[in-house]
Amino acid sequence: MTKKAWVLLAALAVLGVAGCETTGVPYDVETGGLTDAQVALLAEQRVYFDFDSSTISSESRAIIEAHAADMRARRGASVALEGHCDERGTREYNLALGERRAQAVARLFRALGVAANRITTVSYGEEKPVALEHNEAAWRQNRRVEIIKR
Amino acid sequence: MVRRVGLLLVAWGLIACSQTAQAVLTIEITQSADVGLPIAIVPFALAGKDKPAHDVAAVVEADLARSGRFAPVPRKHFLGTPHEDQDVVFKDWRRIKAEALLIGKKKKLPNGQWQVEFRLYDVFKGKQLAGYIFRVDENALRATAHQISDVVYERLTGEPGAFSSRIAYVTKETHKKRNIYKLQVADSDGYGPVTIVKSPEPLLSPAWSPDGARLAYVSFEEQRSMVYAQSLVDGRREKLAEFTGINGAPAWSPDGKRLALTLSRDGNPEIYVMDFASRRLTRLTKNYAIDTEPAWSPDGRHIIFTSDRAGQPQIYRMDADGGDVTRLTFEGSYNARASYAPDGATLTLVSRNGGAYHIAILHLANNLLQVLTDTPLDESPSFAPNGRMVLYATEVRGGGVLASVSADGRVRQVFKFEQGDVREPAWSPSNQPLQYTE
């Protein structure tokens with residue numbers, strides 16, 4: 001065997017070994033390459049906020065990242081972000097605060113590679129609570145952005 | 001001494017338009033003043049067989065009691081029930097410590113109208129203070145009663161009454177999981193509500209035009225906030241703002257020619273002024289923060305608004321062209337939705353104290369913040385056109401109700417509707433001017 005042939009064989013061997021050692025997650029066309037954890041997070045369509053705040057928590061960020069990955073995979077999809085507040089404080093201020101929450105989520109979607117023209121935001125202020133009681137547990141559920149994909 | 005009786009001719013206009021509506025509301029005085037002028041109100045005599053649809057004297061008595069400035073003397077203490085001037089015996093009224101006396105009579109005229117006559121006396125001076133005859137249609141009898149209350153209030157306190165004004169508010173009912181929102185207008189005592197708008201989507205922020213003929217409001221009927229204006233005379237409405245983002249917080253200028261509002265079409269909520277004639281928009285605020293809830297000063301020179309530019313919502317004042325911004329509130333971490341008293345000396349606003357949201361008055365001369373209420377979720381305060389009461393929304397046993405408090409905080413009452421949530425009250429501007437010959 002010539003020296004050239006040995007080199008070729010060695011190269012093939014290396015390639016072969018490398019091929020066997022590839023243990024990454026297979027690209028699943030149906031999930032668009034999302035991790036299992038991200039697929040699970042897609043069930044979460046609400047992210048929550050502290051009082052008078054539009055800061056996105058790390059928990060919320062993971063949910064938004066999953067939806068953004070899903071958006072990147074599904075080119076035709078668009079997302080509507082609905083900002084909501086709890087009943088405390090004034091209605092018009094809350095209308096503004098709800099918009100600020102929706103925009104904070106929209107900004108993160110854009111930063112994660114989702115084109116701006118695929119994102120719409122709307123604020124409902126405190127007008128559409130999901131929990132109707134007047135206590136902290138209800139308020140916590142109502143301070144939210146709803147992520148609605150189409 | 002001349003005891004004259006004047007003929008009061010009133011331009012009914014809008015009041016005549018309101019259909020007879022079911023009284024679905026009662027008012028409960030939850031805190032009353034210990035001091036009020038004792039006034040004896042004698043039930044009005046009824047001449048003839050026809051009975052009127054409304055008890056005029058009872059409406060007047062309820063009005064005056066609600067104001068907190070009067071303490072009607074219980075009828076059981078009366079030593080007589082005069083209806084005619086010559087039957088009034090002042091010493092009988094002095095004996096039961098009444099300081100003022102109101103008598104009257106009513107009768108149906110051949111043309112179907114009602115004639116209502118009243119006389120108001122100062123018991124201690126033994127002198128007539130006012131006397132008028134009204135000739136009105138039957139459906140205007142309650143309005144007539146409110147006019148009488150206004151005359152009594154003005155003669156005895158020296159300040160105009162606000163009983164002939166109206167209130168606008170939003171109700172929310174839920175039937176089989178479907179929401180129905182209604183923007184309604186009623187008399188100042190909550191009587192005779194008329195629905196102006198009905199929608200399956202939220203309605204909010206009703207704002208009266210200075211002539212009381214139109215309401216601007218925010219509707220979500222197209223799944224996002226847009227500002228409309230609607231005539232109360234013919235029901236015609238127009239969409240004033242449908243820009244990208246928020247369209248909200250409408251407020252008419254005192255001359256009725258402009259509308260301040262909040263738009264976020266440039267990215268975040270800013271205050272704009274729309275000129276009605278040209279539809280031209282002028283942006284007044286330029287700030288990364290939330291700027292919203294504009295309200296004009298009575299002289300039209302300033303606009304106050306809520307901004308969180310310092311981190312939390314507080315009240316600011318600027319010139320009507322957007323210049324010279326000054327912060328007005330410093331006490332507490334949340335002050336919002338301010339509006340001026342008619343004299344421009346005070347503001348009413350929502351102020352957080354601990355975890356609770358109360359109605360407060362800010363005295364502009366000394367920056368003193370006076371908290372008027374002690375319930376936890378109070379909002380949407382607006383002054384009566386005479387500045388003596390504040391109407392607001394609060395919560396009782398889990399439901400939204402309207403309430404009012406005297407501007408000194410002494411008298412409070414809750415308006416109880418039969419069903420549904422009631423919110424977003426707005427008190428109409430000044431009463432319709434009285435035109436009368438004396």
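Q: What should I know before reading the values?
A: In this predicted model, local features need pLDDT of at least 70, side-chain atom pairs count only at pLDDT 80 or more, and totals for chains, interfaces and linings use all residues. Residues are numbered from 1 along each chain as its sequence is written, chains are lettered from A in the order in which they are written, and side-chain values use heavy atoms, with hydrogens and water left out.

Q: What area do chain B and chain A bury between them?
A: Interface size is often given as the accessible area lost when the parts come together. Buried area here uses a 1.4 Å probe and is summed over both parts. The value is about 2,500 Å², with 56% of it on carbon and sulfur atoms.

Q: How many salt bridges cross the interface of chain B and chain A?
A: A salt bridge puts a side-chain nitrogen of Lys or Arg within 4 Å of a carboxyl oxygen of Asp or Glu. The rule finds five. B:Glu379 forms a salt bridge with A:Arg91, their closest N and O atoms being 3.9 Å apart.

Q: Which residues lie nearest the centre of the largest pocket?
A: A pocket is an open set of points on a 1 Å grid over the protein atoms alone, where a 1.4 Å probe fits, with protein on both sides within 12 Å along at least five of seven lines; lining residues have an atom within 4 Å of a point. B:Trp208, B:Trp252, B:Ser339, B:Tyr340 and B:Trp427 lie nearest the centre, among 35 lining residues.

Conventions. Buried area is the accessible area (1.4 Å probe) that two parts lose on being put together, summed over both.
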